[in-house]
There are 2 protein chains.
Amino acid sequence: MRTLLHFPISPASRTVRLVLGEKRLPFEPVIERAWEQRPELFAINPAGDVPVLIEDNGLIVPSAPVICEYLEEAYADTPLLGRTLAERVEVRRVAAWFDTLFAREVSGRFIDERVMKRLSGRGNPDGGALRDAYASMRPLMRYANELAENRNWLGGGFLSLADFTAAAHLSCMDFIGDIDWARVPALRDWYARMKSRPCFRPLLADRISGITPPEYYTNLDF
Amino acid sequence: MRTLLHFPISPASRTVRLVLGEKRLPFEPVIERAWEQRPELFAINPAGDVPVLIEDNGLIVPSAPVICEYLEEAYADTPLLGRTLAERVEVRRVAAWFDTLFAREVSGRFIDERVMKRLSGRGNPDGGALRDAYASMRPLMRYANELAENRNWLGGGFLSLADFTAAAHLSCMDFIGDIDWARVPALRDWYARMKSRPCFRPLLADRISGITPPEYYTNLDF
């Protein structure tokens, strides 16, 4: 069976798990602690990070955006990018917004400070970095909420890679309890719809030693 | 005519300029100083950065990877991603390696310390950050040199987006004089081939006030 090297609290890994699940492509998930820098990981992915998809035919596909483009081309039955050029631009734009700006300013910082530092033995969270992340979070969550208010789905009128990418970032932050959902009611409703999809179930079952997600993390109605 | 908001010493902007040039798509380049955070920039790109492509039909396409995927779909005459699934995975993987790992550890740091700090009035380069960047640079340049040694082009047997992405990062670093080409002879030969392409000419003419590129920056034979 195809294999996915992944890490549970990684938006990039979660994006790919959701897309594989939505496309109904079975896979064996294998947890990779990339910060341990196993030579075997570098041998299949010179960037040394996860996720990495290994297909049954031996094809190795590293990095979430590359995997998602590959899956879209290889398994076109459940298209997740849209059909017209303009639709595909908007889906990729929103996905890239979460993977770059939102990751750099918000989700990446929270995950690094609250999860990765502990797991990789790099000490305690830095209060200043967390304050910066909270300050950056407000306007960016407001923008995400506006998308949810004005559209059926975050990338447009249809469920797309934009939704899975956004849900991957937000679900990691929800796991560590850093989202005040009351401030973003439209986004909260959208997220409740995302959580109830079958592809989401494995993510809600993730557990990491030493971190207990809040009770509402697995509650489909919040 | 189509317009590209860009910044000269930005690997993301340069990637798109090279791809537009290679595909022979005329465009009007407009310099955008994204750090000044013009509201007009946020109105067309909520991520607030460059490059942003504005097509004649009004379609706005922000972010280099999104623009490159768009150009590949909209203007397929000069394909730059390859044909088979495996070729396309490898081209996107190498491009992503430069845009993520290489940018984070090397090119992004050099450009931020030596160019962006000065232009945006954030003080002098941080010696520690530059030392870190030099230390990270060695193994990554070695890897890039291995690609150049073992293949006709960096993404495989054909000229591709991997080459333009790599050339965009390396040409920014070359502009500020931070590459010791003698250490990476295969990459140097590949770069000389890239520099001599017509699409490269506008990049070699870029000038930034207060920074003089080394003499060999514009020398096609080094």
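Reply: Happy to! The lining of the second largest cavity is made up of A:Val19, A:Lys23, A:Cys68, A:Leu71, A:Glu72, A:Leu80, A:Leu81 and A:Leu161. Here a cavity is a set of points on a 1 Å grid over the protein atoms alone where a 1.4 Å probe fits but cannot get out, and lining residues have an atom within 4 Å of a point. This is a predicted model, in which local features need pLDDT of at least 70 and side-chain atom pairs pLDDT 80 or more, while totals for chains, interfaces and linings use all residues. Residues are numbered from 1 along each chain as written, chains are lettered from A and ligands numbered from 1 in the order written, and side-chain values use heavy atoms, without hydrogens and water.

The volume of this second largest cavity is about 40 Å³, a volume being the space filled by probe spheres set on points joined across faces, edges and corners. Helix α3 (residues 64-74) of chain A contributes the most to its lining, three residues; helices (H or I, at least four residues) and strands (E, at least two) are DSSP runs numbered from the N terminus. By class, the lining of the second largest cavity has six nonpolar residues, no polar ones and two charged. Ala, Val, Leu, Ile, Met, Phe, Trp, Tyr, Cys and Pro count as nonpolar, Asp, Glu, Lys and Arg as charged, and the others, Gly among them, as polar.

How many cavities of 30 Å³ or more does the structure hold? There are two. The lining of the largest cavity splits into five nonpolar and three charged residues, with no polar ones.

The axes of α3(A) and α4(B) cross at roughly 160 degrees and come within 10 Å, with axes fitted to C-alpha atoms, for helices over the stretch in contact, and angles running from 0 to 180 degrees between N-to-C directions. The two helices, α3(A) and α4(B), are therefore roughly antiparallel (under 35 degrees is roughly parallel, over 145 roughly antiparallel, 65 to 115 roughly perpendicular and the rest oblique). Their crossing is right-handed, a term for a near helix turned clockwise from the far one by less than a right angle, with anticlockwise being left-handed. On the α3(A) side A:Val66, A:Glu69, A:Tyr70, A:Glu73 and A:Ala74 take part, meeting B:Leu85, B:Arg88, B:Val89, B:Arg92, B:Arg93 and B:Ala96 of α4(B); contact means heavy atoms within 4.5 Å. Six nonpolar and five charged residues make up this contact of α3(A) with α4(B), and no polar ones.

Moving along to the partner helix, α4 (residues 85-119) of chain B also packs against α5 (residues 127-150) of chain B: their axes come within 9 Å and cross at roughly 150 degrees. That angle makes α4(B) and α5(B) roughly antiparallel, and their crossing is left-handed. Among the contact residues are B:Arg93, B:Trp97, B:Phe98 and B:Phe102 of α4(B), and B:Tyr134, B:Met137, B:Leu140 and B:Tyr143 of α5(B). The contact of α4(B) with α5(B) counts 17 nonpolar residues, one polar and six charged.

Back in chain A, helix α5 (residues 127-150) and helix α7 (residues 185-195) have axes that come within 7 Å and cross at roughly 65 degrees, and therefore α5(A) and α7(A) are roughly perpendicular. This crossing of α5(A) and α7(A) is left-handed. A:Met141, A:Ala144, A:Asn145, A:Ala148 and A:Glu149 of α5(A) touch A:Pro185, A:Ala186, A:Leu187 and A:Trp190 of α7(A). Seven of the residues in the contact of α5(A) with α7(A) are nonpolar, one is polar and one is charged.

Finally, some backbone details. A:Val50 and A:Pro51 are joined by a cis peptide bond with omega near 5 degrees, and A:Pro51 sits in the loop between α2 (39-44) and β3 (52-54) of chain A. In chain B, the bond from B:Val50 to B:Pro51 is cis, with omega about 5 degrees.

Terms used: 1 Å grid on protein atoms, 1.4 Å probe; cavity = no way out; pocket = protein on both sides within 12 Å on 5 of 7 lines; lining within 4 Å.
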